[in-house]
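This report describes a protein chain through its sheet, its helices and the side-chain contacts that join them. Please read it alongside the sequence and the structure shown here.

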Amino acid sequence: MTAAAPAPVTVLSADDARRIALRAQGLMGAPDRRSGVRGVLRHLGAVQLDTISVLARSHELVPYARLGAVGRPAVEAAYWGAGTSFEYWSHAACILPVEEWPLFAFRRRRYRDRGRVWNHQVTPETYRHVLDKLRAEGPSTSTELGGAKKTSEWWDWSDTKIAVERALAFGDVVCTDRRSWKRVYALAEQAIPEALFGQEPEDADCVRTLVAQAGAALGVATRADLQDYHRLRAEELDAVLPDSGLVPVEVAGWGPNGAPAPAWADPAALATAPRGRHRTTLLSPFDSLVWDRPRTERIFGMTHRLEAYTPKHKRVHGYFAMPLLAGGRLVGRVDPAREGRTLVARQVSLLEGRGDAGGARHVEALATALREAASWVGCDSVRVETLHEERLRPALEKLLAG
């Protein structure tokens, strides 16, 4: 049973909560370019990985949204091969700061207690063989270990692949590098710094720290938001939330039918008013600002779904529709593609602005985001195919040509 929330220490308006969330996510105020991509990762605590690459892969889009046109090679170098991060199961498959290795001991222990991963079984002999091969030959891809698949079907893993993924879940193996998007597996005892590898905090200590970290990255959040950030169990969250360091608040408009709702806030987020320049950018659907769909609807009033796995004839906004962030709000969607040195906006829809001036601002924001994104991925022109608001095309094309 969920424990009753303590009395709120303050009441926030929905606009204040939105601005707090934006600032906490690094999307309000001057970008902290000195800390770079690694700084973004350390602050967010997790950056989701995904195989889809349209404008760029999602893990590249996350720092781009916050820092601007940071070099793509610099993004890759900040994530992999330097011993500063590792991959594991957080919100989903994520890249995590290496400092968080001890914090996921609770999840590694849970996988070990289950004795299997995703219902795949593997013999102890195969498991030992994988570890012995990594010990003898060093970091390797699943292909180098003996092959990733039994057949051409993507899901038909070989025994070697099952074994090494099981070892990854258990914590015997870690991925701190990738080659051509393939995981490079290494023995955790060799790849994780000794001071971190030897730490095995109790489950409650792991979860408490992760909840506090999620609260700092979200700024203000409901209980469900906090649970979703690292995909915790309800009972795990409830056991540590009261002493996580987060403080109870109430947010107007977050409850059913616009009623106030209880939430939790990072005390640092409440210490100063959220002010600063808003970032104008396209967001990955897997960006932590919007990866939690109910939270996105609650804060921004946008119902957004990834349609990549929806049959083409049933898609509404496109294969990889990216929310457009401008002025601290989500004001539209762009489904991008690339054709040579042209960025193609296959489908664009803007939300209704407040009068003609609001619509014009949205068009300006769209043009700014498209031009910047095109330059970042090496394109020198932009073509807009389907524009749901055709009356805006002349103004948009004038801005894009300028």
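Helices (H or I, at least four residues) and strands (E, at least two) are DSSP runs, numbered from the N terminus. The model is predicted, so local features need pLDDT of at least 70 and side-chain atom pairs count only at pLDDT 80 or more, while totals for chains, interfaces and linings use all residues. Residues are numbered from 1 along each chain as its sequence is written, and side-chain values use heavy atoms, with hydrogens and water left out.

Helix α5 covers residues 105-114, and its buried residues are Ala105, Phe106, Arg107, Arg108, Arg110 and Tyr111; here buried means under 20% relative accessible area, exposed means over 50%, and partly exposed lies in between (1.4 Å probe, protein chains only). The cover over these buried residues of α5 includes β3 (85-89), α8 (159-170), α11 (203-218) and α13 (234-240), where contact means heavy atoms within 4.5 Å. After α5 comes Gly115, which has a positive phi, near 80°.

**The sheet**

Strands of a sheet pair through backbone hydrogen bonds, either parallel or antiparallel. Strands β8 (residues 247-251) and β9 (residues 261-265) run antiparallel and are joined by 5 bridges, and Glu250 has Pro262 in β9 as its bridge partner.

**Salt bridges**

Side chains of opposite charge can pair when their charged atoms come close. A salt bridge is taken here as a side-chain nitrogen of Lys or Arg within 4 Å of a carboxyl oxygen of Asp or Glu, and the structure holds 32 salt bridges.

| Asp203 | Arg109 | 2.6 Å |

Asp203 is partly exposed at 38% relative accessibility, and Arg109 is partly exposed at 25%.

Arg135 has a relative accessible area of 44% and is partly exposed, and Glu189, at 47%, counts as partly exposed.

Asp238 is partly exposed with a relative accessible area of 21%, and Arg223 is partly exposed at 23%. Elsewhere, a network of salt bridges links Glu87, Lys161, Glu165, Arg178 and Arg183.

**Aromatic rings**

Rings of Phe, Tyr and Trp (its six-membered ring) pair if their centres lie within 6.5 Å, and planes under 30 degrees apart count as stacked, over 60 as edge-to-face and the rest as tilted. By this rule the structure holds 10 aromatic pairs. One of them is the edge-to-face pair of Tyr88 and Phe104, with 6.0 Å centre to centre and 70° between the planes. This pair links distant parts of the chain, with Tyr88 in strand β3 and Phe104 in the loop between β4 (93-97) and α5, 16 residues apart. Both Tyr88 and Phe104 are buried.

A tilted pair is formed by Phe286 and Phe320, at 6.4 Å centre to centre and 50° between the planes. Phe286 lies in the loop between β10 (281-282) and α15 (293-300) and Phe320 in the loop between α15 and β11 (322-326), so the pair ties together parts that are 34 residues apart in sequence. Phe286 and Phe320 are both buried.

Tyr79, Trp80 and Trp181 are linked into a cluster by ring pairs. Arg57 lies over the face of Trp181, 4.2 Å from the ring centre, where a charge sits over a ring if NZ of Lys or CZ of Arg is within 6 Å of the ring centre and within 35 degrees of the ring normal. The charged end of Lys161 sits over the ring of Trp157, 5.4 Å from its centre.

Methods. Two strands pair if DSSP finds at least two bridges between them.
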